[in-house]
Every structure is written in C-alpha cells, then in structure tokens.
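Let's walk through it together.

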Amino acid sequence: MSRVSAYLLNWLLSNEYRPGRLRHLLWPHAHPALIAIRRNALILSRIRALASVFAVLTVLWIPLDLLTLPAHVAAILAVIRVLACAAFFSLVAMTHRKQTLWLAYRSLAVLYAIPTVFYFASLVLLRTPGLGPYAQIALEVYWALPVVAMAGLGVFPLTVLENTAFSMPILMGEVLALNAHLGVFFPGGVVDAAWMMILMSGIAVFVGVSQLSFAMVLAGQSINDALTGCYSRGSVSELLDLHFKVCSRVGSPLAVAFLDLDHFKKINDQFGHDVGDHVLATAAQSIQAALRGAECAGRWGGEEFVVLFPGRTTAEAIQSIEQIRAAGLGRVPGGRAVTVSVGVAERTDDQCGDWRSLVRIADQRMYAAKRAGRDRVHCPHDSDVVTARVAYGS
C-alpha cells in the first residue's frame, strides 16, 4: 500500500487514531500485548455468536427442504444440515479455550469451512436433473451464500492482511464453483459473480478495519492510566500474570521494580494537586522513555509505579532503574529534583510462586528503601547493597 493510500485509509477510519499507528491496521503482529489479547477475545466471542446462530438456522431450514424438495434429496440435505449443526456447536466449545491469536485464526477458518463444505455439497445435490422448480429456487438461494459469507467478514475486527487472507479462499471458491458449471446465478456468469465478490470483499475489509480501529482506540483508553499514560493497575496486573506464566514455562527470569515518588504528599500540600499531577505525568514519561523491548510500566496507585522486566535478571533490572534515576524524573517548583524509592524482586531469586508474591516482595523492599532514607534502590540479592544517590535540595 502506498503512503498516500495508507494515510487516506487512516483518515477515513478514525480521526482519533494517529497515523504513526497505521501499521496496527495493516498486520496483526504490531499490536501491543493487551490490545492483542482483547482483540482475540472479541474475535472469538463473535465466532461463538455466529456459530450458534448458524447452528440453529441450519436445522430450522430442514422443514422447508422437506416441503419443497423430493423426499430422498431432502433427507440427504437433512443429514448434511445436522452434521453442519454439530460442527458449529463443536466450534462454539472449541473457542472457550485460551484466547490466543492462532486459536482465533483456526476458529475463523473452521467457521467458514463448515458452510463452504455445505455449499458445495448442496450445489452438487441440487443440480440433479428432474428435481422440479423448487430445487432451482433453492439453488439460487444457495448461490448467495458466498456473498453473505464475504460480507460476514466485516463482523470481525481484522487487519487488512487478515481480511485479505480470509476473503481470498471465499472468492476462489465461488469462481471454482462457477467454472465447474454447477449453475450460474448471476446473469453475466463468472465475471459478474467475481466482480460482486470483489466488491463485497472491499466492503468487508473497510468495515473490519474500521471496527479494529475503533476497538483499539477504546482498548487504549481502558488499559492506560488517563493521567500518566502508563498502564492502569488492572492492565499491569494482567501483564504480570501473562509474563509470569510465560517466564515460568520457559524458565527465564522476570524482575519487577516497585517505585514510589519521595515526599509526594508534601509536593501536593505545598504546590497543589495540579503541580502534583504534572510531577506524576513527568515521572511516568521519564520511566517509559527508558524502557526497552517488552519492558513496561504501570501506575499501581497514587504515586506508585510498577515496572516489569521480562527476561531480565535482578542485576539487569537494577541497572535499568539506575539509568532512569540518573536521567532524572523531573523537578518541582524551586528546582528540587523528584526522587524515587525502589524495591526490586525477581521470580527465581525470590522463589515466587505467583506474580502477586513477586509484587509484594518488591513493595516490601520499596518500604525498606524508604526507611533507609529514601532516594535509593533496595534489593538484598544485589550483595545486600542498598544504592543511593544524593538529590538536589534534599
């Protein structure tokens, strides 16, 4: 996609969505972890809803087949419909597993594979000579199934790449059916049918990407703290749980730092809450600017922050924290530097069985740093050394 078309797409989709994040609308692997989790859950929930509806509608059509088609044909179609219904309900059960991207892909592929198999089977069956005028009417109705399926892609918040990947098999299946002389619903034949499917594909892509853009804006507002721009406490708890499980499974370290701004109550009392909010926002920006890769920060509450260091040892986490402190966390009116007391804990060093105990230990060490005089990092595993830095005006 050219730069002009990319910015045009961004302008059409959402004025709230920044052009720098346009890559999130093009392919899925650019999505932040929490947004990806929420999008996967949304896709799977809609798959469950559609599969349930399709399962019910599929069997409800059986009486109509019995009234309009020869008994032997209607009986075969009834068996096919019952099997399709069972497959849809199996899909509903399958989507209650872990909400991963690959499960969403597999479930979506199965959701479209079931009606596709039914589509080809019914076309072959209804092309049997001598079935009467009602069979032709049913055949024409079934020819609309690929168009409906293509339009249905717009229900899901998919990227441009994902929409293209899922729409191409539907388009090719329709062209294959027409070329096999199974019947032609469109007066112009293959060309008109293909053109109609391409138009529906374009509409589905636009609707799906629009949904994705809107969902990401909402997700961004829900997972981030409004004042600081860091993750909210709920979001960072979700990330802690995710990283703890992954690091435990692969045997890699996971360090956590608990940070608390020093004398923050005095700042609010002396300068007011507006200055206090500015101090918090500035400190959060400084913390986030120093993080790399999968490292992330969240506001735990008040003036407290939690920083995650997936795959980092205690020493590496302390080094990163010291870089943050050396770069500075801002100043209050009068020029005094904002300082922070920090406690560090690590999954393997502290033998933590869950992420809550990991945070609790880091929190306790933060209070130990406070008692030792503030403006320092405390972690007994670092040779029982408490590191401190003299602050301006302290």
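**Salt bridges, helices and surface**

Lys 265 and Asp 269 are both exposed, where exposed means over 50% relative accessible area, buried under 20% and partly exposed in between (1.4 Å probe, protein chains only). This is a predicted model, with pLDDT of at least 70 needed for local features and 80 or more for side-chain atom pairs to count, while totals for chains, interfaces and linings use all residues. Residues are numbered from 1 along each chain as its sequence is written, and side-chain values use heavy atoms, leaving out hydrogens and water.

Q: How far apart are the closest N and O atoms of Lys 265 and Asp 269?
A: Both residues sit in helix H12 (residues 264-271), four residues apart, about one turn of the helix. Helices here are DSSP runs (H or I, at least four residues), strands are E runs of at least two, and both are numbered from the N terminus. The two form a salt bridge, meaning a side-chain nitrogen of Lys or Arg within 4 Å of a carboxyl oxygen of Asp or Glu. For Lys 265 and Asp 269, the closest N and O atoms are 2.9 Å apart.

Q: How many salt bridges does the structure hold?
A: Side chains of opposite charge can pair when their charged atoms come close. One network of salt bridges links Asp 260, Asp 262 and Lys 370. The total for the structure is 12.

Q: Which residue forms a salt bridge with Glu 238?
A: The closest N and O atoms of the pair are 3.1 Å apart. Glu 238 lies in helix H11 and its partner in helix H3, so the pair ties together parts that are 200 residues apart in sequence.

Q: How do H3 and H11 lie relative to each other?
A: The axes of H3 and H11 (residues 233-250) come within 10 Å and cross at roughly 90°; axes are lines fitted to C-alpha atoms, for helices over the stretch in contact, and angles run from 0 to 180 degrees between N-to-C directions. Ala 33, Leu 34, Ile 37 and Arg 38 in H3 meet Ser 235, Glu 238, Leu 239 and Leu 242 in H11, with contact meaning heavy atoms within 4.5 Å. Angles under 35 degrees count as roughly parallel, over 145 as roughly antiparallel, 65 to 115 as roughly perpendicular and the rest as oblique. H3 and H11 are therefore roughly perpendicular.

Q: Which residue forms a salt bridge with Asp 225?
A: The closest N and O atoms are 3.3 Å apart in this pair. Asp 225 lies in the loop between helix H10 (190-223) and H11 and the partner in strand E2 (residues 296-301), so the bridge ties together parts that are 74 residues apart in sequence. The partner is Arg 299.

Q: How do H6 and H8 run relative to each other?
A: The axes of H6 (residues 101-126) and H8 (residues 145-152) come within 11 Å and cross at roughly 170°. That makes the two helices roughly antiparallel. Tyr 112, Phe 118 and Tyr 119 in H6 meet Leu 145, Pro 146, Ala 149 and Gly 152 in H8. So the answer for H6 and H8 is roughly antiparallel.

Q: Is Ser 107 buried or exposed?
A: Ser 107 has its place in helix H6. Leaving aside neighbours within four places in sequence, Ser 107 is in contact with Leu 44, Ile 47, Leu 91, Met 94 and Thr 95. With a relative accessible area of 0%, Ser 107 is buried.

Q: Is Asp 375 buried or exposed?
A: Asp 375 lies in the loop between H15 and strand E5 (376-378). Although not a glycine, Asp 375 has a positive phi of about 50°. At a relative accessible area of 6%, Asp 375 is buried.

Q: Where is Gln 351?
A: Gln 351 has a positive phi of about 50° without being a glycine. Gln 351 is exposed, with a relative accessible area of 72%. Its place is the loop between strand E4 (340-346) and helix H15 (355-371).
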